[in-house]
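The stops below move from the whole chain to single side chains.

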Amino acid sequence: MARIIRVGGSSSATSWHDALNDLRADDVLMLGPGYYYLPRGRELTDITIKGTGSLAEDTTIYGNISVSEDSRYVTLENLCVNTTTDNNSIFVPIETNGYVTLRNCCVKGYGTDTAAIAINGKVTLELYSTKITGGSVSMYENADFRLEMNDSQIDYPSENYCALALEGHGTAIINNSNIRGSINTFLKTNAELDLNNSEVDYVLLHGQTWMNMLNSTLTAKDDSCLYLSDDCWSNIVNSKFNGGIYIDKKTHTIIQNSTIDRMIVVDEAKVTMNNSIVMEHADFQDKGSCEATRVTFIGNMNYEYFLALSGHAQLNGHDLILHPNQADLAVQDEAKLKTNVLAAQTDTLNVEYNKRPNVYILGMHWTAKKK
């Protein structure tokens, strides 16, 4: 039978270490506000630990927690886990098959490349109203995972390490959350990423990753705030990219009702765009291809071309809206552009090309600027 064990506070008759030494499966450990120390860490099995303070950090566990191989679940609520050594704050081994749930918690990493939360087994990780700082949340190569992240934050901006690492096999669902840092998948990743109503600095996808992105913003202003590579498939709806997106290899990408500062598509990447805006520059190279319907391409004086095609790239446009802002359009090498223009900022358009038959524009007057 489950027991409720109270530690700390005036009504407690049990000390912290006595409670730990007498833990049984399905116990609920109620911790009063204060500091609790695990100098050697602690392995937990089928246990719930709840802080009773007003805030999560009112109840702080100094040390690291491991989930045992045979644990069905570990639940932490309204408390802070702060590792004092270069160890994972929360560690799940490869043999585990269960749930790890954090509600209104704060997890503090050691500030190195060691993950704050490390997942290796077959695990459902649930993060509700939880904040992770000083380290990443990492699903490793052998993980078979399901991540559900709601109203939570990962605060780990780093030039060398990602904030959320998704390797192995699984699904990550991120709702109404904020990630300062990058979400990364890897060459051996086979995963689905659902990003909804959230803000992230960077998303960098490799391997076999399927991404659904809805009502979300990538805040970094670098050239690759979104990087799609390998065999990734992406469906992006009503989202905003403050920086550039870079798409390569054999990816397939659908972009709808979104705003992109600038974009580059190379290799054999295929892109379908609907009702979207590219604010500064779009560049299609190699064998990259794009089907664009009611897409607005805007230029400025930061780039010579507001829209450029080279190599064997192809763009088929339908009802495009063009705002060159004194920039030109380029169709170079064996690239092909075929489109009709619904509206344009100017009455004429300068087009630089190598071969006249490769340029077919209806709906506005354009002037050849042969290279």
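Of the 371 residues in the protein chain, 55% are buried, where buried means under 20% relative accessible area, exposed over 50%, and partly exposed in between (1.4 Å probe, protein chains only). The model is predicted: local features need pLDDT of at least 70 and side-chain atom pairs count only at pLDDT 80 or more, while totals for chains, interfaces and linings use all residues. Residues are numbered from 1 along each chain as its sequence is written, and side-chain values use heavy atoms, with hydrogens and water left out.

**Whole chain**

Show the C-alpha trace, which spans about 85 × 35 × 30 Å along its principal axes. Switch to cartoon to see one helix and 39 strands; helices (H or I, at least four residues) and strands (E, at least two) are DSSP runs, numbered from the N terminus. Contact means heavy atoms within 4.5 Å. Among contacts with a separation of 6 or more, 36% join residues 24 or more positions apart.

The protein chain exposes about 16100 Å², and carbon and sulfur atoms supply 45% of it; the areas come from the Shrake-Rupley method with a 1.4 Å probe, and for residues only the protein chains shown count as cover.

**Salt bridges**

Side chains of opposite charge can pair when their charged atoms come close. A salt bridge here is a side-chain nitrogen of Lys or Arg within 4 Å of a carboxyl oxygen of Asp or Glu. By that rule the count is 13.

Select Arg 3 and Asp 22, whose side chains form a salt bridge at 3.1 Å, N to O. Asp 22 sits in the loop between helix 1 (16-21) and strand 2 (28-31) and Arg 3 in the segment before strand 1 (4-7), so the pair ties together parts 19 residues apart in sequence. Asp 22 is partly exposed at 38% relative accessibility, and Arg 3 is partly exposed at 21%.

Go on to Glu 57 and Lys 108, a salt bridge with its closest N and O atoms 2.8 Å apart. Glu 57 is in the loop between strand 4 (47-51) and strand 5 (59-67) and Lys 108 in strand 10 (residues 106-108), so this pair ties together parts 51 residues apart in sequence. Glu 57 has a relative accessible area of 43%, and Lys 108 has 25%.

The next pair is Arg 103 and Glu 77, with closest N and O atoms 3.3 Å apart. Arg 103 lies in strand 9 (residues 97-103) and Glu 77 in strand 6 (residues 73-77), 26 residues apart.

**Last stop: Asp 230**

Is Asp 230 buried or exposed? At 12% relative accessibility, Asp 230 counts as buried. Find Asp 230 in the loop between strand 24 (226-228) and strand 25 (233-237).

A polar contact is a pair of N or O atoms within 3.5 Å; within protein, one must be able to donate a hydrogen and the other to accept it, and residues adjacent in sequence count only if both atoms are side-chain atoms. The side chains of Asp 230 and Lys 249 make one of 3.2 Å. A polar atom of the Asp 230 side chain also lies 2.8 Å from the backbone nitrogen of Gly 207. Leaving aside neighbours within four places in sequence, the residues in contact with Asp 230 include Leu 187, His 206 and Thr 251.
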